[in-house]
Amino acid sequence: MNVPNLLSLLRLVMVPVFAVVFFGDDPNAHQWAAGVYALAFFTDIADGWIARHFNQITRLGRILDPLADKLMTFTVIISITIAGIIPMWAVVVFFLKEVLMGIGALTMYRRMDDVISSNWLGKASTGVFFVVCAALVLFPQIPDEWAVGLISFALALTIAALVSYVVQFLQVLGHKRELR
């Protein structure tokens, strides 16, 4: 087990920690939860950099890394929805997008024994989503129209990333057919 995969496992452990802290009785619970979320985000950056820089990219890592990211993000978005910060439709949109991404990844894994690595738009949308969700965790009293606008922007970027992955997936499948 290499360092990037260990960092992904650490992020998986942080998922329930975020929820427990977010809903805790401490008056600074949201600040602590934002800290857990920030630590998870930075371990995501670190594991990707280490994996690429030291040639430690593994098939396990290409599964663990996005799984940890998705579970953390889903936990955060569910938490801020339960807290009444954003509307339920945002969770539904995020969930449906992630289901489509999961189906695509599973399909590609079954057909090609691999998955697509993240691209720049996927990374950018993840970064924006982190900033938006962290802001909503830290500032739960933000006016509703601002919260909806911010989460809508973040979701629009994630949907754009989904489209880019679909295009990339279709190109890979077309290339594979050409090789036959």
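This is a predicted model: local features need pLDDT of at least 70, side-chain atom pairs count only at pLDDT 80 or more; totals for chains, interfaces and linings use all residues.
Visitor: What's the mean pLDDT of the chain?
Guide: The mean is 90, and 96% of the residues reach 70 or more; pLDDT is the predictor's confidence in each residue, from 0 to 100.

Visitor: And where is confidence lowest?
Guide: In α4, with a mean of 86, while helix α1 (residues 3–22) is highest at 96. Helices here are DSSP runs of H or I, at least four residues, and strands are runs of E, at least two, numbered from the N terminus.

Visitor: OK, packing. At what angle do α3 and α4 pack?
Guide: Helix α3 (residues 59–82) and helix α4 (residues 88–112) pack at about 170°, axes 10 Å apart. Axes are lines fitted to C-alpha atoms, for helices over the stretch in contact, and angles run from 0 to 180 degrees between N-to-C directions. That angle makes α3 roughly antiparallel (over 145 degrees) to α4.

Visitor: Which residues in α3 meet α4?
Guide: Among them are I63, F74 and I77, and the α4 side includes V91, F94 and F95. Contact means heavy atoms within 4.5 Å. Ala, Val, Leu, Ile, Met, Phe, Trp, Tyr, Cys and Pro count as nonpolar, Asp, Glu, Lys and Arg as charged, and the others, Gly among them, as polar.

Visitor: How about α2 and α5, where do they cross?
Guide: The axes of helix α2 (residues 29–53) and helix α5 (residues 120–138) come within 8 Å and cross at roughly 165°. That makes α2 roughly antiparallel to α5. Y37 and F41 are among the α2 residues in the contact, and F130 and G127 among those of α5. The classes there are 11 nonpolar, 4 polar and 3 charged.

Visitor: What about α3 and α5, at what angle do they cross?
Guide: Roughly 35°, with axes coming within 10 Å. T73, V76, I77 and I80 of α3 touch F129, C133, L136 and V137 of α5. Those residues split into 7 nonpolar, 1 polar and no charged.

Visitor: Switching topic: where does UniProt place "transmembrane region"?
Guide: Its unreviewed entry puts that feature at residues 6–25, 71–96, 120–140 and 146–170. Such annotations may be inferred rather than shown by experiment. Residues 146–170 are 100% helix, with end C-alpha atoms 36 Å apart.

Notes: Residues are numbered from 1 along each chain as its sequence is written. Side-chain values use heavy atoms; hydrogens and water are left out. Angles under 35 degrees count as roughly parallel, over 145 as roughly antiparallel, 65 to 115 as roughly perpendicular and the rest as oblique.
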